[in-house]
Amino acid sequence: MAMWDKLKEQAKGLQQAQGSRGSGGHGRSGGSSGGSKAQLISMLKSQLTSLKTELKSGSYRDASMAMCALVAAADGQVDPAERQHVESLILQNDVLQNFPPEQLRQRFNKHVDQLAFNFQQGKTEVMQEIAKAAKKPTEARAVVQTGLVVAGADGYVAPAEEQVLREACAALGLSPQEFGL
C-alpha cells in the first residue's frame, strides 16, 4: 500500500511539473480539477494514516478538533445535520482513533458552539487553539490535512472552507500552496 502511495505522490509531482511548463491550459479546466481534488484528499488521508503513530499528542487532538469545527462552520453557521456529519467523519477517521471518541466529540462540539454563538469571537478562539500545533511541523501539517479531508469528504471543498483552511495555514506558519489552497 505504501508503495502505491509513493507512486501517486511521484505522479502528482510530475503532473504539477508538466502543468507548470505550460500545456497551454488545455485539459485543466472544468471537471478535471474535481478529480485532482479527490486525488489530493485521498493522498492526504494516506499520508495522515502513515503518521498515525506520531499523531498522539493532546495539541494535535485539540487543534484538529478546532480545525474540524472551523471547517464545519466556515460559512458562518452549522446546521445540526452538518454537525452530525462532521462528527461522524471525525469518529471514523483512522488517525483520530488514537483518542477516546468522547474527548473528540466534546472538543469538536465546544468549538462548534463557540462559532455558532459568535462566529468572529469563536473563530479567534479556534485559531488560537489551531496555532498551538505550530511548534511541531508534522502536527501542524496534519491539522491542515485533517481539515482538508473533512472539508473534501463530500467531494467538494467550498470557497468558505478553502478560506478558513488558508487562514489556518497562516496561523500555523505553513504555505497554503503546499495543500493546493
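Helices are DSSP runs of at least four residues, numbered from the N terminus. Asn-109 has its place in one of these runs, helix H5. The model described here is predicted.

Asn-109 counts as buried, because its relative accessibility is 16% and the cut-off for burial is under 20%. Leaving aside residues up to four places away in sequence, Asn-109 touches Arg-83 and Glu-87. Glu-87 lies in helix H4. Glu-87 is buried as well, with a relative accessible area of 17%.

Glu-87 also takes part in a salt bridge. Its side chain meets that of Arg-105, at 2.8 Å from N to O. Arg-105 lies in helix H5, which spans residues 101-117, and Glu-87 lies in helix H4, so the pair ties together parts that are 18 residues apart in sequence. Arg-105 is partly exposed, with a relative accessible area of 25%.

Arg-105 has a further partner in Glu-102. The closest N and O atoms of this salt bridge are 2.8 Å apart. Both residues belong to helix H5; they are 3 residues apart, and therefore separated by about one helical turn. Glu-102 is partly exposed, at a relative accessible area of 49%. Elsewhere, salt bridges with shared partners join Arg-61, Asp-62 and Arg-107 into one network. Asp-62 is buried, with a relative accessible area of 17%. Arg-61 is buried too, at 13%. The count for the structure comes to 10 salt bridges.

The packing of helices comes next. Two packed helices are described by the angle between their axes and the distance between the axes. Helix H3 covers residues 58-72, and helix H4 covers residues 80-92. The two pack at an angle of about 145°, and their axes lie 10 Å apart. The crossing of H3 past H4 is right-handed. On the H3 side, the contact is made by Met-65, Cys-68 and Ala-72. On the H4 side stand Glu-82, Val-86 and Ile-90. By class, the residues of this contact divide into 5 nonpolar, no polar and 1 charged.

Helix H3 also packs against helix H7, which runs over residues 137-151. Here the angle is about 35°, with the axes 9 Å apart. H3 passes H7 in a right-handed crossing. H3 brings Ser-59, Tyr-60, Ala-63, Ser-64, Met-67, Cys-68 and Val-71 to this contact. They meet residues of H7 that include Glu-139, Ala-142, Val-143 and Thr-146. Gly-147, Val-150 and Ala-151 are also among the H7 residues. The contact of H3 with H7 has 9 nonpolar, 4 polar and 1 charged residues.

Cys-68 counts as buried because its relative accessibility is 0%. Cys-169 is likewise buried, with a relative accessible area of 0%. A disulfide is a covalent bond between the sulfur atoms of two cysteines. A search of the whole structure finds 0 disulfides.

Definitions and conventions
Residues numbered from 1 in each chain as written. Predicted model: local features only at pLDDT ≥ 70, side-chain atom pairs only at ≥ 80, totals over all residues. Heavy atoms only, no water. Axes fitted to C-alpha atoms, helices over the stretch in contact; angles between N-to-C directions. Left-handed = near helix turned anticlockwise from the far one by under 90°. Contact = heavy atoms within 4.5 Å. Nonpolar A, V, L, I, M, F, W, Y, C, P; charged D, E, K, R; others polar. Disulfide = S-S within 2.5 Å. Buried < 20%, exposed > 50% of the residue type's maximum accessible area, 1.4 Å probe, protein only. Salt bridge = Lys/Arg side-chain N within 4 Å of Asp/Glu carboxyl O.
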